[in-house]
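I opened the notebook to look up a few local features, one at a time. The entries follow the order in which I checked them.

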Amino acid sequence: MGEKMKIAIVDDEKKFAQIIETEVQQFFWFVQEPTSIQRYNTGKGLLEEMSEKQDFDIYFLDIEMPGLDGLEVARRIRRQRPEARIVFITNYDKYAVSSYKVRASYYVLKSSYEDDLSEALHIIWEEEKKERKRLETDFYIIGGGYQEWRLSLGDIAYLTKDTKYVVFHCYDEKEYKERTTLEVVLSKLSAERFVRIDKGCVVNMKYVCGWKEKIVTLRIGDTYIEHPVSRRLSTKVASELLAYWRRG
């Protein structure tokens, strides 16, 4: 996630947004986690900044707001940040079922926010610690002899076949080659994160932001890349993506 955990709070009630910000700041101060918090009074304001390269790790969204409601904002966030955590904060419990459709991490009622928000933050923080611990040992080693690279699996966006080599395309736009086959590499990768989409390409589902008409779209930084999915693998790819997105 970088040096600071980036958090967005979207609520047209200025006073309540300030309350949420204070609670969030206090929690992460207590667990000694640096944060950067931005507040917005409309979903449109948040989405405009996201389109200008501003992303967040956690989104706290009110649901009933003027213009774009929180559910629509969440749907648009999911297109850009499939792995982001979304917490709905609202006066009403009638949207709880709808929140599952956008894979919200938690649903907090404003009437009981003291207990619900505290619980949500603890759950999110425990998930974050587990993810960081996993990433410490979650890597792939390329090379041998005089050169060796240790690549974090989370940084590998996708892999392609290039004659006798496999090319590792990474999040930082760097590329690495290994003289091997995609079958061998795929056998060493996590099946819960990587899926083969055709005979010459494997993608990290973390970076998949869209699936339409047998085309997978990856978002790598500010770049969108489309890859075709083979007809033979299309059903499996769709199933794996759906399972990954449900796991959040």
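Before the first entry I need one cut-off: a residue counts as buried when its relative accessible area is under 20%, and as exposed when that area is over 50%. I also note that this is a predicted model.

**Entry: strand β14**

I asked how many residues of β14 are buried. I found that 5 of the 6 are, so β14 is largely enclosed by the rest of the structure. I then looked up its pairing partners. β13 (residues 208-212) pairs with β14 in the antiparallel sense over 4 bridges, and K212 stands opposite I215 in β14. With β15 (residues 223-228), β14 makes 6 bridges, again antiparallel. Here I noted H227 of β15 as the bridge partner of V216.

I checked the turns as well. The hairpin of β13 and β14 has 2 residues between the strands, and E213 takes a positive phi near 50 degrees there. The hairpin of β14 and β15 also has 2 residues between its strands, and in its turn G221 has a positive phi of about 65 degrees.

**Entry: the parallel sheet**

I traced an open sheet of 5 strands, paired in parallel, in the order β2-β1-β3-β4-β5. Its edge strands are β2 and β5 (106-109), since each pairs on one side only. From one strand to the next the twist averages 15 degrees. Inside the sheet I looked at β3 and β4 (residues 85-90), which pair over 5 bridges in the parallel sense. I58 stands opposite R85 in β4. I wrote a reminder beside this: strands of a sheet pair through backbone hydrogen bonds, either parallel or antiparallel.

**Entry: helices across the sheet**

I followed helix α1 (residues 14-30), which lies across β1, β2, β3 and β4 and runs at about 170 degrees to β2. Helix α2 lies across β1, β2 and β3, at about 130 degrees to β2.

Which residues of α2 (residues 43-51) are buried? I listed G43, L46, L47 and M50. They cover an arc of only 95 degrees around the axis, which puts them on the same side of α2. Next I looked for what covers the buried residues of α2, and found that the cover includes β1 (5-10), β2 (35-40), β3 (58-62), α3 (70-80) and β14 (215-220).

**Entry: aromatic rings**

I searched the whole structure and got 8 aromatic pairs. For F56 and Y59 the ring centres are 5.7 Å apart and the planes are at 80 degrees, so this pair is edge-to-face. F56 and Y59 are both buried. I also recorded one aromatic cluster formed by F27, F28 and W125.

K110 lies over the face of F16, at 4.8 Å from the ring centre. The charged end of R150 sits over the ring of F139, 3.7 Å from its centre.

**Entry: positive phi in two loops**

I checked Q32, in the loop between α1 and β2. Its phi is near 60 degrees, a positive value in a residue other than glycine. Is Q32 buried or exposed? Q32 is exposed, with a relative accessible area of 69%.

E173 was my other case, in the loop between β9 (165-170) and β10 (175-178). The phi of E173 is positive too, near 75 degrees. E173 is exposed, because its relative accessible area is 64% and the cut-off for exposed is over 50%.

How values were computed
Residues are numbered from 1 along each chain as its sequence is written. This is a predicted model: local features need pLDDT of at least 70, side-chain atom pairs count only at pLDDT 80 or more; totals for chains, interfaces and linings use all residues. Side-chain values use heavy atoms; hydrogens and water are left out. Buried means under 20% relative accessible area, exposed over 50%, partly exposed in between (1.4 Å probe, protein chains only). The arc is that of the directions from the helix axis to the C-beta atoms. Contact means heavy atoms within 4.5 Å. Rings of Phe, Tyr and Trp (its six-membered ring) pair if their centres lie within 6.5 Å; planes under 30 degrees apart count as stacked, over 60 as edge-to-face and the rest as tilted. A charge sits over a ring if NZ of Lys or CZ of Arg is within 6 Å of the ring centre and within 35 degrees of the ring normal. Two strands pair if DSSP finds at least two bridges between them. Axes are lines fitted to C-alpha atoms, for helices over the stretch in contact, and angles run from 0 to 180 degrees between N-to-C directions.
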